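Have the structure open while you read.

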Amino acid sequence: MRLGTLKKDQPFLAGAAAGAGAAGAAAGAAAQTAGNTYAATTGATKAVTGMATAAATLAAYVKNNIVGKGAKYVVVINLPDVSLTPMANAAPETKPLILAMTTTFNKTLQDSLAGTSGVVLVDAFSNLQDQV
């Protein structure tokens, strides 16, 4: 029987489903806390470096696999200011790291695509900041 078909006369199943949901929520909260702690301490440098690597990889893909194969007009959108999201606001201790990761990605992407013919970079980061 699937949980979506629970009936009132099956309280043990409803209780098990509620318990499983609560356990999952608790595990998710614990994982988020652990992730925030890692990101704010030992993982911060790796996270920022990883974002630079991701941006350079994306730029290389655009140059080699899109423009390099004949595309004349390419629009690339950078990352919006993720530090303004509700999740970042819920963990204010990680906001500076999130901002550093986002700005590093965007700066690397912009620098890596500079001078690439036919590529237009849309600045979602500044656009979001203007809206907030």
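A polar contact here is a pair of N or O atoms within 3.5 Å, where, within protein, one must be able to donate a hydrogen and the other to accept it. Keep that in mind for N78, whose side chain has a polar atom 2.7 Å from the backbone nitrogen of A124. One caveat before going on: this is a predicted model.

**The overall layout**

The protein has 5 helices and 2 strands. Read from the N terminus, the order is α-α-β-α-α-β-α. Of its 132 residues, 20% count as buried. If you take the contacts with a separation of 6 or more, 69% of them come from residues 24 or more positions apart.

**The α2 and α4 pair**

Now look at helix α2, residues 44–67, and helix α4, residues 95–113. Their axes come within 8 Å and cross at roughly 30 degrees. Angles under 35 degrees count as roughly parallel, so α2 and α4 are roughly parallel to each other. The crossing of α2 past α4 is right-handed.

What sort of residues make up the contact of α2 with α4? They divide into 17 nonpolar, 3 polar and 1 charged. On the α2 side you'll find, among them, A44, V48, M51, L58, V62 and K63. The α4 side includes L97, M101, F105, L109 and L113.

**Two residues from that contact**

V62 sits in α2, and A100 belongs to α4. Is V62 buried or exposed? Its relative accessibility is 4%, so V62 counts as buried. A100, at 27% relative accessibility, counts as partly exposed.

Leaving aside residues up to four places away in sequence, V62 touches V67, G68, V74, V76, L113 and V119.

| Pair | Apart in sequence | C-alpha to C-alpha |
|---|---|---|
| V62 and V74 | 12 residues | 8.2 Å |
| A100 and S83 | 17 residues | 9.0 Å |

**Back to N78**

Where does N78 lie? You'll find N78 in the loop between β1 (74–77) and α3 (86–90). N78 counts as buried because its relative accessibility is 7%, and the cut-off for buried is under 20%.

Setting aside residues up to four places away in sequence, N78 touches N106, L109, L121, V122, D123, A124 and F125.

Methods
Residues numbered from 1 in each chain as written. Predicted model: local features only at pLDDT ≥ 70, side-chain atom pairs only at ≥ 80, totals over all residues. Heavy atoms only, no water. Axes fitted to C-alpha atoms, helices over the stretch in contact; angles between N-to-C directions. Helix = DSSP H or I, 4+ residues; strand = E, 2+ residues; numbered from the N terminus. Parallel < 35°, antiparallel > 145°, perpendicular 65-115°, else oblique. Left-handed = near helix turned anticlockwise from the far one by under 90°. Contact = heavy atoms within 4.5 Å. Nonpolar A, V, L, I, M, F, W, Y, C, P; charged D, E, K, R; others polar. Buried < 20%, exposed > 50% of the residue type's maximum accessible area, 1.4 Å probe, protein only.
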